[in-house]
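This report looks at how two protein chains meet, and then at one of the chains by itself. Please keep the sequence and the structure in view while reading.

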Amino acid sequence: MSKSDYLILIGPPNSGKTTLFNWITGYKKQTVNYPGSTVDLSFGLVRQKKAISSWTLVDTPGVYSLSSPSSEGEVTKNILKEAIKNKNLRGIVLVLDATRLKRQMVFAFQLKELGLPVILALSMYDIQKQESPFDLSTLSKQLGIPVCPIEGLLGGGVFQLLDAASIHFKDRPMFPASARTRFENSGFKELAAKRKKPKSTKKLAPMKTGITSYGHKISSLPSDILFSTWSKKKQEEYLKKAKKIVDKVSIQKATDKIGKRTRKVDSWLLHPVFGFVFLSLILFTFFSGIFWIAQPFMHFIDSSFSWGADKILNLGENRFIWNFIANGVLTGFGAFLVFVPQVFILFLGLYLLEDSGYLSRAVTLVDGPFSRIGLSGKSLFPFLSAFACAIPATLSARSISSKRERWITIFVLPFMTCSARLPVYALLLGFLFYESSAWKPGLIMSLIYLLSLLLGILASGILNIFLKSDKSSSFLMELPLYRRPVLFSVFLSSWSRTKHFIRKAGPVIFTFTLIMWITTHFPRYPDLRPEEQIQKSYAGQFGQMIEPVFKHIGGDWRVGVSLLSAFVAREVFVPVLAVTLKNTEFEESTGKAFQSPLTETMQKARLADGRPLFSTASILALLVFFMLSLQCLSTTGIAYKETGSWRFAAFQLISFNVLAYMGAVLSYILLS
Amino acid sequence: MTCSLKDLPEKVQARVIDLQGELFTTQHLMDMGIRNNTVIKVIRKLFFGSNYIIEIGNEHLVLRKHVAQCLKVTTLF
């Protein structure tokens with residue numbers, strides 16, 4: 001990262017940090033995996049009144065205090081320590097939920113006590129204002145820091161917050177000299193002295209040095225003491241103080257209208273029976289919606305690429321360059337980009353569920369049954385994230401405190417239908433329900449999602465029997481108020497994730513379409529007919545070598561080559577199949593390659609003996625293969641990193657793929 | 001009546017008198033604003049009593065049965 005000054009957003013989970021981050025940066029962020037981090041930190045440039053400042057805004061995972069023993073707490077502490085060590089901590093924006101200030105204000109006391117430069121952003125103040133407005137100037141005086149109300153829904157108060165930050169932090173030393181005095185009086189030193197381990201006292205030694213012109217280098221302070229656990233007494237004292245301050249600054253008694261509304265809705269959505277009915281309905285609507293909402297957009301993209309390829313081929317099919325652009329680049333990219341609307345809708349749905357407050361209810365509902373099979377309710381977060389991508393999902397599993405529950409969650413995550421599988425499923429279902437109404441593949445698609453979840457649950461149950469029990473598992477979570485999702489933020493976040501998906505897959509797809517086109521066109525035999533030329537090409541020869549393996553699932557060498565390419569990235573299967581089929585299937589009347597949409601080309605594709613290449617049995621076998629296989633090697637890498645065990649990662653990779661191949665062969669035999 | 005939160009009947013108000021258990025759990029409970037003298041109520045028990053939805057002030061939290069066991073409470077009449 002650059003050495004520009006950091007403005008760090010800190011606050012409890014669900015307090016609105018990310019929404020504020022999006023308002024401030026316009027979502028021009030880079031996402032990085034911080035070394036040793038639990039979840040992602042986001043970095044973006046601070047934009048103030050159309051001008052971009054040199055400050056970098058950092059969004060951190062939610063924590064209730066710096067004493068929090070959770071792994072999210074570690075990430076937040078690490079970025080703070082690093083910024084202070086590198087002398088680029090400009091300030092901290094503490095984001096607290098105005099509707100929960102009594103409980104969350106303790107965090108402000110802690111940061112203040114440590115002498116860290118901080119201002120308070122009161123999120124959801126629009127909601128609090130309706131209930132009981134605060135006397136903000138009194139609150140600011142009581143806390144001794146600037147307080148800025150933020151309305152997340154409309155972005156109100158963001159400019160005022162940035163103005164306050166530039167005034168408050170502009171000339172402020174990065175770590176003031178007064179901090180040492182406060183540190184010594186804060187009780188942390190006393191607490192450290194009481195510690196049994198001599199390690200802490202050794203670490204105190206560097207404190208004598210490290211004095212700079214602007215204050216003390218925080219790097220020289222013992223970090224384990226700086227962010228150490230508070231005593232029960234101290235925490236109780238601060239909770240009392242927070243209650244007193246909130247009572248003092250509340251202008252009128254809270255009516256709790258919004259809370260009552262939330263509780264009324266919860267009486268249905270968290271009902272022991274109806275709660276699960278609503279959960280099933282919501283998930284069904286969500287997953288089937290991915291298919292039917294995207295349908296018109298997909299059709300438009302597909303037709304546009306086919307039209308474009310046709311026009312280019314009309315310029316002269318025999319010219320290598322036109323052939324490459326039409327049958328290589330356009331066909332490959334078209335086959336992939338056609339599924340982007342579905343990926344976008346998937347992300348949109350996930351963010352809407354999260355932003356509305358429903359996701360916490362879903363987690364609450366499933367924790368009971370999940371805990372019986374060795375999972376946590378919090379496993380639902382990684383599970384739903386895995387419907388987008390298994391990599392961030394594996395990272396988000398770190399929020400599960402129990403190692404056993406975390407390992408089981410990570411192990412079964414590849415069962416979830418990730419967005420890379422979406423193009424493959426959409427293609428295969430598009431073939432199965434060719435010219436049928438959109439609700440049919442939509443229904444099957446939601447069943448696939450449900451089945452993948454059930455497979456994960458089944459696998460967890462099996463692992464739960466064989467793994468030793470773990471007493472450290474705990475589950476404690478607050479239920480946020482229901483609120484209208486911030487559509488601006490939801491759209492930007494979804495679009496950003498979709499763009500990331502395209503950017504990640506784009507170069508791989510380009511490389512593979514290039515390789516496939518070259519290997520299906522070389523070596524050249526000008527005297528041979530096109531289909532004979534393909535048979536003798538490099539790809540043809542390699543495909544025929546591996547064909548026996550894929551014969552058992554009803555495919556030929558073209559399916560085999562496409563399946564193998566999917567081990568680089570699952571979504572590559574579609575463009576590689578598209579390029580292979582477009583270059584091996586020719587219209588009988590004209591002898592030219594098909595320029596029809598891919599599903600149509602699949603309908604026309606034939607095996608060497610003249611039978612159709614794709615049948616219901618072979619398509620279902622492919623579906624089974626994709627549902628059970630672990631082709632994404634990045635997931636294996638991240639599983640190794642997260643668990644620190646090669647045996648775990650290797651066992652996961654081998655068992656999934658053996659199971660997938662056996663499942664596909666069995667399905668083909670049974671169905672054909 | 002003094003008991004653990006696990007044994008507190010639904011809709012009965014009680015006061016927390018002690019936080020027991022491992023540091024990780026008690027710290028987490030305190031982070032969430034649960035301390036001695038906090039007034040607490042079990043709103044609903046979910047999935048055969050494996051999870052508890054509790055009310056503190058106007059806010060709702062959810063916790064597992066064994067976390068509820070860490071909270072010693074006395075009922076308010």
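## A salt bridge between the chains

In this predicted model, B:R64 and A:D367 form a salt bridge through their side chains, with N and O 2.8 Å apart. Side chains of opposite charge can pair when their charged atoms come close. A salt bridge is counted here when a side-chain nitrogen of Lys or Arg lies within 4 Å of a carboxyl oxygen of Asp or Glu, so 2.8 Å between B:R64 and A:D367 meets the rule.

How many salt bridges cross the interface of chain A and chain B? The rule finds three. Polar contacts between chain A and chain B number 13 residue pairs, counted where both residues have pLDDT 80 or more.

## The side of chain A that touches chain B

Several elements of chain A each give at least two residues to the side that touches chain B: helix 11 (232-249), helix 12 (257-269), helix 16 (358-372) and strand 10 (476-479). Sorted by class, this side of chain A holds 13 nonpolar, 17 polar and 13 charged residues.

In total, 43 residues of chain A and 30 residues of chain B are in contact with each other. The area buried between the two chains is about 3500 Å², and carbon and sulfur atoms give 58% of this area.

## Chain B by itself

Chain B contains two helices and six strands. Along the sequence, their order is β-β-α-β-β-β-α-β.

## Salt bridges in the whole structure

Over all chains, a search finds 14 salt bridges. One of them joins A:D5 and A:R90, whose closest N and O atoms are 2.7 Å apart. A:D5 is in the segment before strand 1 (6-10) of chain A, while A:R90 is in strand 5 (residues 89-97) of chain A, so this pair ties together parts 85 residues apart in sequence.

How values were computed: Residues are numbered from 1 along each chain as its sequence is written. Chains are lettered from A and ligands numbered from 1 in the order in which they are written. This is a predicted model: local features need pLDDT of at least 70, side-chain atom pairs count only at pLDDT 80 or more; totals for chains, interfaces and linings use all residues. Side-chain values use heavy atoms; hydrogens and water are left out. Contact means heavy atoms within 4.5 Å. Buried area is the accessible area (1.4 Å probe) that two parts lose on being put together, summed over both. A polar contact is a pair of N or O atoms within 3.5 Å; within protein, one must be able to donate a hydrogen and the other to accept it, and residues adjacent in sequence count only if both atoms are side-chain atoms. Helices (H or I, at least four residues) and strands (E, at least two) are DSSP runs, numbered from the N terminus. Ala, Val, Leu, Ile, Met, Phe, Trp, Tyr, Cys and Pro count as nonpolar, Asp, Glu, Lys and Arg as charged, and the others, Gly among them, as polar.
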